[in-house]
Amino acid sequence: MSGLLVAGTTSDAGKSVVTTGLCRAFARRGVKVAPYKAQNMSNNSMVCQAPDGTTAEIGRAQWVQALAARVTPEPSMNPVLLKPGSDRRSHVVLMGHPAGEVSSHDWEAGRRHLATAAHAAYDDLASRFEVIVAEGAGSPAEINLRAGDYVNMGLARHAGLPTVVVGDIDRGGVFAAMYGTLALLEPEDQALISGFVVNKFRGDAGLLKPGLDSLESLTQRPVFGVLPWEPSLWLDSEDALDLDGRRSAAGATRKVAVVRLPRISNFTDVDALGLEPDLDVVFASSPADVADADLVVLPGTRSTISDLAWLRSRGLDAALTEHVRRGRPLLGICGGFQMLGGVIADPDGVEGSVAEVEGLGLLDVRTDFTPAKNLRLPTGSALGVEASGYEIHHGRITRGDGVSEFLGGARSGQVFGTMWHGSLEGDALRGAFLAATLGREPSTVSFPAARERRLDLIGDLVEEHLDIDALLDLALADSAGRADVVRDERRRVETNTVPSRAANRVGLDTPPPSGSGGSTSEGDGSTGEGSGSASGRVER
C-alpha cells in the first residue's frame, strides 16, 4: 500500500489544508490520489454517492479534498464521522449511515468495531488508488487515547504509513510542539515519523532557519517546508474555530447576521454569501447583533430543540420576530428552518428527552423527528431559476395552508425556510434570492469558480513551499520496508536493547521510514542530498 499520513501537533494546525494541497499537487502530476480520514468529528458534513449508487454522508473536508484530488467523493474516504451531540456523547455515522452513539465512558471499547471498519475502508481505497493522503485527527501524541487509536499512529501502524507532522507557528511554541510530539510517541510510532511541516508562518523566513536546523538536528528528521499565512483559505472550512474569519472585504454595504447556534452545523451554507462584495457576513449571538441586520440567517444545527431553547434564553426569539415585523428577510436552513415553524415533535427521542416544543411560529410548518435519517441530493427550481442542494436530517416537515413551497421547505412573505443545504452555492439561485430579499442585482461572483481557485491556491502554496518530490517519494515508497522498520523497533523494545525515550533524546536511534531522506551526516544537523529539507523555503 502506498500513502502518507498528515498528522498535526494540535487541532486546527493545518492538517486539512496540507492534505488538500497534497491531493491537488499529486493530481497535477498525474497520480491517481484519494483523500482519507479514518474518523472525523464535525457537524459539517456533505452528501455523496456510494459506489453502489446509494447516498451517504461524509465530512465536508474529505468531500472537498476529493475535489482537490479530482476524484468522486465516496464514503470510504471518511468511514467514521462523529457528530457531537453533547460534551460526552457523539452520534456515529459509519460508512455514510447512522450507527448509534459513542460516549466518553466507553470511548475505547465502543470504538473497536469502528477501527475495523475504518481500516477496511483504507485498504479498499488503497487497492484502487496509487496514493492515499490520509489526514489524522487532533494530535498523534494524545497518549491517553493511544490504545484505541485508529486515526493517527494506529492507522500509520496498520498501513505502514510515513507520517508528516504539521505545526501551527501562529500559535507559538511550534518547535516544542513538534519535538514533544515525537518524544511522547512509542519507539515503534517514532519509526514512522518522517518529518515536519511548519504552517501559518508570517515574517522573514531567514529568522526561522536556525530553529528549523536545530529541529532537524535534534530529531534527525527533515522539515519538508514552511507554509506562509494565507488569510483567504477559509472557504469550505469545517472547523467552528474558523467562524470569526468569514468576513467579507471592507466596503460592504449590507449586513448578513448568521445566528451562532451552540450546536451549529453545516455553516458552510453561508460561505457563498461571504463572497458577495457588498455583503458583510457576521456571526451573531445576541439581540443587538441582529438589530441592524439587512438579512438574518438561522443556520442548521445538530440539536434543533436544545438550540431553540438557547435562542429563547438569549432573547433572540423576540429579536427575530421584530426583524420580521419590520419587513426584513429571514432565512432558516434545515434545523434553523424547523425552529421557524409551529410544533416540533420528537416522540422517539431522536434529539433527547423533550418530546414536543413550540417553534417561533413564523412559518405555518410542523416538524416531526423520526429515527430514519434522510440523505438526498435534490434538484428543482425556486424564484424562477434552477436550484440544487443536499439534505441531511431526521425531521419531516408538514406545510400548512399559510405557506408556499420553497426548496423542500416553506415561504411566507420575507420569511424563507429550506431543508436544502448548499443551495446558495448555486450562482443563479443565490442571485435570485438576494434580488427577492435585498432588491439587489445579481453579481458576477461564481462560487464554483471561487472554490476551484481556492483549491488551486492551496495546491500552488504546497507546490511552492513544500518539497513535493520528497513527499511523493515518501508516499510511493514500499510500505513493506517501513513495516520492517517498525517490526525491528518492536524487537529492540522487547529485548530491552534500546534506551528509554527520555534517555535517547526523542528516539534518535529510531530511524525514520525508508525513503524519507531523513538521514544526516555525522549528526551535525546538515541534511544529505535528497533529504527533503526546505531550508530557506517558506507556506500556510
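Predicted model: local features only at pLDDT ≥ 70, side-chain atom pairs only at ≥ 80, totals over all residues.

Two strands count as paired if DSSP finds at least two bridges between them.

**Stop 1: strands 1 and 9.** Select residues 3-8, which are strand 1, and residues 131-135, which are strand 9. The two strands run parallel and are joined by four bridges. Which residue of strand 9 stands opposite Leu4? It is Val133.

Stop 2: Six strands make up an open sheet, in the order 2-9-1-10-11-12, with parallel pairing. Strand 2 (33-36) and strand 12 (223-228) are the edge strands, each pairing on one side only. On average, neighbouring strands here are turned by 20° against each other, direction ignored. Strands of a sheet pair through backbone hydrogen bonds, either parallel or antiparallel.

**Stop 3: helix 1.** Select residues 15-28. Helix 1 lies across strands including strand 1, strand 9, strand 10 (163-168) and strand 11 (193-201), and runs at about 170° to strand 9.

**Stop 4: helix 15.** Show the side chains where they meet: Leu22, Ala25 and Phe26 belong to helix 1, and Ile468, Leu471 and Leu472 to helix 15. By class, this contact has six nonpolar, no polar and no charged residues.

**Stop 5: Arg221.** Go to the loop between helix 7 (205-219) and strand 12, where Arg221 is found. Is Arg221 buried or exposed? Buried means under 20% relative accessible area; Arg221 has 1% relative accessibility and therefore counts as buried. Its side chain reaches two backbone oxygens: that of Gln190 at 2.7 Å and that of Thr219 at 2.9 Å.

**Stop 6: strand 15.** Select residues 279-284. How many of the six residues in strand 15 are buried? Six of the six are. In a regular strand the side chains alternate between the two faces of the sheet. On one side of strand 15 are Leu279, Val281 and Phe283, and on the other Asp280, Val282 and Ala284; both faces are covered. In one of the pairs, Val259 has Ala284 of strand 15 as its bridge partner.

Note on methods
Residues numbered from 1 in each chain as written. Heavy atoms only, no water. Axes fitted to C-alpha atoms, helices over the stretch in contact; angles between N-to-C directions. Contact = heavy atoms within 4.5 Å. Buried < 20%, exposed > 50% of the residue type's maximum accessible area, 1.4 Å probe, protein only. Nonpolar A, V, L, I, M, F, W, Y, C, P; charged D, E, K, R; others polar. Polar contact = N/O pair within 3.5 Å; in protein donor to acceptor, adjacent residues only side chain to side chain.
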